[in-house]
Amino acid sequence: MSERTSQIAKDPRELVSSEVFDLLVADIMRYNHVTRHYAERLMGQALVFLKAHADLIKQAGNDPDAWIRIVPSVPVDEGWHAFLKRTKPYFEFGMEHAGSYLHHVPVMDDDIRSGAALARTVPILEATGYQVDMEFWEAGAGAGCCPPECSTIGD
């Protein structure tokens, strides 16, 4: 967690109902064979990322020049995938926070490989006002989704 947000940051669990959060945590534990504590932290960071992503979509509107690209770290992407599998609450989250469906289009490009995209992401996460757990966002956590299967869309 960042020094500047640790005392005032909101709990990302607030972004979904407790029932949905518990369901997603159980899914992460089952799919990734991790502890409940780790799964809760991971899902919290996935929710912070998706909130930031949704905020950026709302801010950009229909102006492609206003779009700012952020990326999940490798572990946080696992949380995004878990949420995607729960289509109804995932759709509802996107509609509530972005006014639209939050598409997941995995890509790998120089912006991600260089670490620039991940470095740009952290301050945007912090701007949401939700707790940022830096263990999930440090450079060693990686960024992006699924090479070599990634799309070249956006390259």
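Predicted model: local features only at pLDDT ≥ 70, side-chain atom pairs only at ≥ 80, totals over all residues.
Glu40 and Arg36 pair up in a salt bridge, with 3.8 Å between their closest N and O atoms. Both residues sit in helix 2, four positions apart, or about one turn of the helix. Glu40 counts as buried at 18% relative accessibility, since the cut-off for that label is under 20%. Arg36, at 38%, counts as partly exposed.

Now step back to the whole chain. The protein has six helices and zero strands, so the DSSP-based element order from the N terminus is simply α-α-α-α-α-α. Buried residues account for 44% of its 155 residues. Of the contacts between residues at least 6 apart in sequence, 74% join residues at least 24 apart.

What about the inside? In soluble globular proteins, nonpolar side chains tend to be buried together. Here the largest nonpolar core has 40 residues, and the members touching the most others are Met43, Leu47, Phe49, Leu50, Phe83, Phe93 and Trp137. Helices 1, 2, 3, 4 and 6 each give two or more residues to this core, and helix 2 gives the most, with 11. Leaving out neighbours within four places in sequence, Phe49 is in contact with Ile70, Val71, Pro72, Val76, Trp80, Thr121, Leu125 and Trp137.

Aromatic rings are worth a look of their own. The model has six aromatic pairs. One of them joins Tyr38 and Phe136 in a tilted arrangement, 5.3 Å centre to centre with 45 degrees between the planes. That pair links distant parts of the chain, as Tyr38 is in helix 2 and Phe136 is in the segment after helix 6, 98 residues apart. Tyr38 is partly exposed at 26% relative accessible area, while Phe136 is buried at 2%. Another pair is Phe83 and Tyr90: their ring centres are 5.2 Å apart and their planes meet at 80 degrees, so this one is edge-to-face. Phe83 and Tyr90 are both buried, and together with Phe93 and Tyr101 they form one aromatic cluster.

Tyr31 brings charges into the story. The charged end of Lys85 sits over the Tyr31 ring, 4.0 Å from its centre. Arg30 lies over the face of Tyr31 too, at 5.4 Å from the ring centre. Arg30 also meets Asp27 in a salt bridge, at 2.4 Å from N to O. Those two are three residues apart in helix 1, which means about one helical turn between them. Arg30 is partly exposed, with a relative accessible area of 46%, whereas Asp27 is buried at 1%.

In total, the structure holds 13 salt bridges. For one more, go to helix 4, where Glu92 and Lys88 are four residues apart, about one helical turn. Their side chains meet at 2.5 Å, N to O. Glu92 is partly exposed at 39%, and Lys88 is exposed at 57%.

Most residues other than glycine have a negative phi. His33 is not a glycine, yet its phi is positive, about 55 degrees. His33 is found in the loop between helix 1 and helix 2, and at 71% relative accessibility it counts as exposed.

Terms used: Residues numbered from 1 in each chain as written. Heavy atoms only, no water. Core = buried A, V, L, I, M, F, W, Y, C linked by side-chain atoms within 4.5 Å. Buried < 20%, exposed > 50% of the residue type's maximum accessible area, 1.4 Å probe, protein only. Contact = heavy atoms within 4.5 Å. Phe/Tyr/Trp six-rings, centres within 6.5 Å; stacked < 30°, edge-to-face > 60°. Lys NZ or Arg CZ within 6 Å of the ring centre and 35° of its normal. Salt bridge = Lys/Arg side-chain N within 4 Å of Asp/Glu carboxyl O.
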